[in-house]
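Here is a short briefing on selected features of one protein model. Look over the sequence and structure before reading the points below.

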Amino acid sequence: MSEASVTILGCGSAKPTKTTSPSGQLVQLCDKSFLVDCGEGVLLTMQKLGVHTGRLYTIFISHLHGDHCFGLIGLLTTLGMLKRTQPMHIYAQPDLQRLLQPLLDYHANDRLYDIIFHPINPRKHEVIYEDRTVSVETIPLKHGVPTCGFLFNETHRVKHEDGSFERVTTKRYAYCSDTQYNEKIVPIIEGVGTLYHESTFLQTHAKRSKEVMHSTAAEAATIAKLAHVGKLILGHYSARVEDHGLFLQEAKPIFENTLLAEENDVICL
């Protein structure tokens, strides 16, 4: 079984830079691959890293700002050109299908595979996906449009001496982007092994951060500390901050076990 990990496919915010593309991550648990958000450039990064898209069956979209979903049509049409036949499942708020369907009908109407949309309610905390070894829950976030994060749980069945079975969670990964500082998520992510939390701004831009409903590195670290997580990954950097090390300098005094998301990184969960 491959090691549980998250691959950073994009860690920038809305404006691409020379070193960052918009959001995208590949979460791997129990030999399964899950794509979380799909900004522009995500497919190109996957190709550079040799990611086998034929093994990708499930996509989760946190919200419908372009830097989190504009890469979808390129990915889905490319899969059609590759003669994919296995269905693709997409979990997102209902508007995504309404917006994407005309593009699919125009650009990918000859595809050989089905695209199955699963509407979710980003304002509600609930389990939206579950198989024998992985479950995924929504994490309601505070942003300018309906937005949720995703909590991934790796579970295994354990047999007791009396013959009964119990599902035991062995790894938990929380993805929280984009969001204003929001302590309401703390009970949901309490004790997760790894938390990815957006840190679009530094405290010097705190006023701007609040206006556009994003978080600073210090605020992300505070959430990690309150939730007693194992480690914190920062990301979704503003293009106005060229030195990403400044985010780390701001967060570490609050939560020591913090690291930066950088594109192409593979981080063990």
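The model is predicted.

**Helix H3**
- H3 covers residues 95-107, which is 13 residues.
- The span from its first C-alpha to its last is 19 Å, close to the 18 Å expected at 1.5 Å a residue.
- Three leucines of H3 are buried: Leu 96, Leu 100 and Leu 104.
- The buried residues of H3 pack against helix H2 (72-81). They also pack against strand E5 (88-92) and strand E6 (115-119).

**His 68**
- His 68 sits in the loop between strand E4 (56-60) and H2.
- His 68 has a relative accessible area of 0%, so it counts as buried.
- Its side chain makes a polar contact with the side chain of Asp 37, at 2.7 Å.
- Beyond neighbours within four places in sequence, the contacts of His 68 include Ser 23, Cys 38, Gly 39 and Ile 61.
- Among its other contacts beyond those neighbours are Tyr 175, Ser 177, Asp 178 and His 236.

**Largest pocket**
- The largest pocket has a volume of about 260 Å³.
- Its lining has 13 residues, and those closest to its centre are Gln 28, Asp 31, Ser 33, His 52 and Arg 55.
- Strand E2 (24-29) and strand E3 (32-38) are the elements that each give two or more residues to this lining.

Note on methods
Residues numbered from 1 in each chain as written. Predicted model: local features only at pLDDT ≥ 70, side-chain atom pairs only at ≥ 80, totals over all residues. Heavy atoms only, no water. Helix = DSSP H or I, 4+ residues; strand = E, 2+ residues; numbered from the N terminus. Expected span 1.5 Å × (residues − 1). Buried < 20%, exposed > 50% of the residue type's maximum accessible area, 1.4 Å probe, protein only. Contact = heavy atoms within 4.5 Å. Polar contact = N/O pair within 3.5 Å; in protein donor to acceptor, adjacent residues only side chain to side chain. 1 Å grid on protein atoms, 1.4 Å probe; cavity = no way out; pocket = protein on both sides within 12 Å on 5 of 7 lines; lining within 4 Å. Points joined across faces, edges and corners; volume = space filled by probe spheres on them.
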